[in-house]
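Subject: Structure handover

Hello,

Here is the structure for you to look over. My notes on it follow below.

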Amino acid sequence: MLSTSYEVFLPDRMYKDNTIISSKLSILDLFFTEHYEMNFHIGIAILIGMLLTFCYRKKLSKRCKEEIIIFAIFGFASIIMTLKIFPFEYMPNSLKMIQFAWRMLEFASFFFSIIAGIGFATFMNKKRSKEIYVVIFLIAYMCISVIFANKTVEIPFNEEAYLTPVPVNSSTGRVHAGCATFEYLPEKAFKNMQYIKQREDNVIALQGNADISEIEKNNTNLSFKIEQVEGNTKLELPYIFYLGYSAKLEKEDGTKVNLKIEESDNGFCMVDIKENGTINVSYTGTTLMKISYILSAIAITEIIFLKKITKYGKI
C-alpha cells in the first residue's frame, strides 16, 4: 500500500484531533456496550482464557510465564491507548493515522488471545474427556453471545443523510468521502473525480492506436482483443488503480506474456501494448497477500503433521 500515493495519506484527511478524541473509550466500554452502534468488548472467550491462565499459573513453565508477561505488557499498553486518559491527540501524525483510538483493541485482542490460548491449552491438558469441555464451552459461549447481541442498540443508519455520493459507472461503484465503495482512492483518482464520473466503462487508448474488440468484463475479470497495434500503445483499463491486479497478453502464436500494470495520470490501471493478441486482466492479490496464504498453508500443514507424529508417539 505504501508504494502508491493514496488519498488517505493527504494531510487532515485521515487523522483529525476531534475524531481521535471522540473515539476514545471508557473502561466500562471494554466490557459492556449500551448506546454505541459498535461493540468494543475485549470478548468473553478471551477473558475466560486469561482467567484460566491465571488459575494455572503455578503449573506453567518458565518460558510460558515469560511469554505471558511480554504479551500482557503489549496487550495492556494497547488497551490504555484506547482510553480517554491517553493523550492520543498529542501523538505524532504518523500514529494518528489509525483515525479511531478504539482500533487499538485489535492489537489488544491479538496479544490477549495468546495468553488465553495458553490458559485453554493448560486446562484441556488436565482433563481426560477434553471434547466434552470444548462442546460445553462452545454452547455456553454461543448462548451468552446471542443474549448480549439482542441487547445491543441498533442505530438506524441512512447513508444518504451523511454522505454526498458522486454517481459513477459500474466499474467503480459510487464515490464519496474520498472513497470508491468505501475503499480509499489513489490520490490521482481523487483529483479526477469528474473524470471518474464521466468515464465510460471501457478500455481506452491513451497513447498510440489499436483496434479493441470482444470486450468481456465481469467485476474484476476483464478480457479483450487488440489488433493493428501501432507503436507503443498505452491502454487505460476500467479499474481504479489498486495494487493486486495482474494482466497477461496471449499472442497470436499462443504464447503468454505477463504485462506490468501501472497507474495512469487519471488514477486508473494502465498497460503498455506493443503486439496483437488477447489481454486477460484479473485481481489476483498483492504480493504480501500471496505470501500470507503460503505461510498459512505451511503453518496448517505443520500443525497436522506434528499432531500425527505426536499421536503415534514418535516425539
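A salt bridge here is a side-chain nitrogen of Lys or Arg within 4 Å of a carboxyl oxygen of Asp or Glu. Glu187 and Lys191 make such a pair, with their closest N and O atoms 3.2 Å apart. Lys191 is exposed, at 61% relative accessible area. For these labels, buried means under 20% relative accessible area, exposed over 50%, and partly exposed in between (1.4 Å probe, protein chains only).

Some ground rules before the rest. This is a predicted model: local features need pLDDT of at least 70, side-chain atom pairs count only at pLDDT 80 or more, and totals for chains, interfaces and linings use all residues. Residues are numbered from 1 along each chain as its sequence is written, and side-chain values use heavy atoms, with hydrogens and water left out.

Confidence

pLDDT is the predictor's confidence in each residue, from 0 to 100. The chain has a mean pLDDT of 80, and 78% of its residues reach 70 or more. Among its elements, α3 has the highest mean, 93. Strand β1 (residues 175–176) has the lowest, 52. Where pLDDT is low, the predicted coordinates should not be read in detail.

Overall make-up

The chain has 10 helices and 10 strands. Both are DSSP runs numbered from the N terminus: helices are H or I with at least four residues, strands are E with at least two. Of the 315 residues, 33% are buried. Take contacts (heavy atoms within 4.5 Å) between residues at least 6 apart in sequence: 65% of them join residues at least 24 apart. The chain exposes about 20,300 Å², and carbon and sulfur atoms supply 60% of that. Accessible areas come from the Shrake-Rupley method with a 1.4 Å probe; for residues, only the protein chains shown count as cover.

Salt bridges

How many salt bridges does a search of the whole structure find? The count is eight. One of them joins Lys24 and Glu89, with the closest N and O atoms 2.7 Å apart. Lys24 sits in the loop between α1 (17–22) and α2 (44–55), and Glu89 in the loop between α3 (62–80) and α4 (93–96), so the pair ties together parts 65 residues apart in sequence. Lys24 is buried, at 7% relative accessibility. Glu89 is buried too, at 17%.

Asp272 and Lys234 also meet in a salt bridge, at 3.0 Å from N to O. That pair links distant parts of the chain: Asp272 is in strand β9 (residues 268–273), Lys234 in strand β5 (residues 221–240), 38 residues apart. Asp272 is partly exposed, with a relative accessible area of 27%.

Surface patch

Ile27, Leu28, Phe31, Phe32 and Leu47 form a nonpolar patch on the surface. Together they have about 500 Å² of accessible area. Patches are made of residues with over 30% relative accessible area and no salt bridge; like charges are joined within 9 Å, nonpolar side chains (Val, Leu, Ile, Met, Phe, Trp, Tyr) within 5 Å. Leu47 belongs to helix α2. Leu47 is partly exposed, at 35% relative accessible area.

Backbone

Most residues other than glycine have a negative phi. Two entries go the other way. Gln99 has a positive phi, near 75 degrees. Gln99 lies in the loop between α4 and α5 (105–125) and is buried, at 12% relative accessibility. Glu214 has a positive phi of about 55 degrees. Glu214 is in strand β4 (residues 204–218) and is exposed, at 57% relative accessible area.

Best regards
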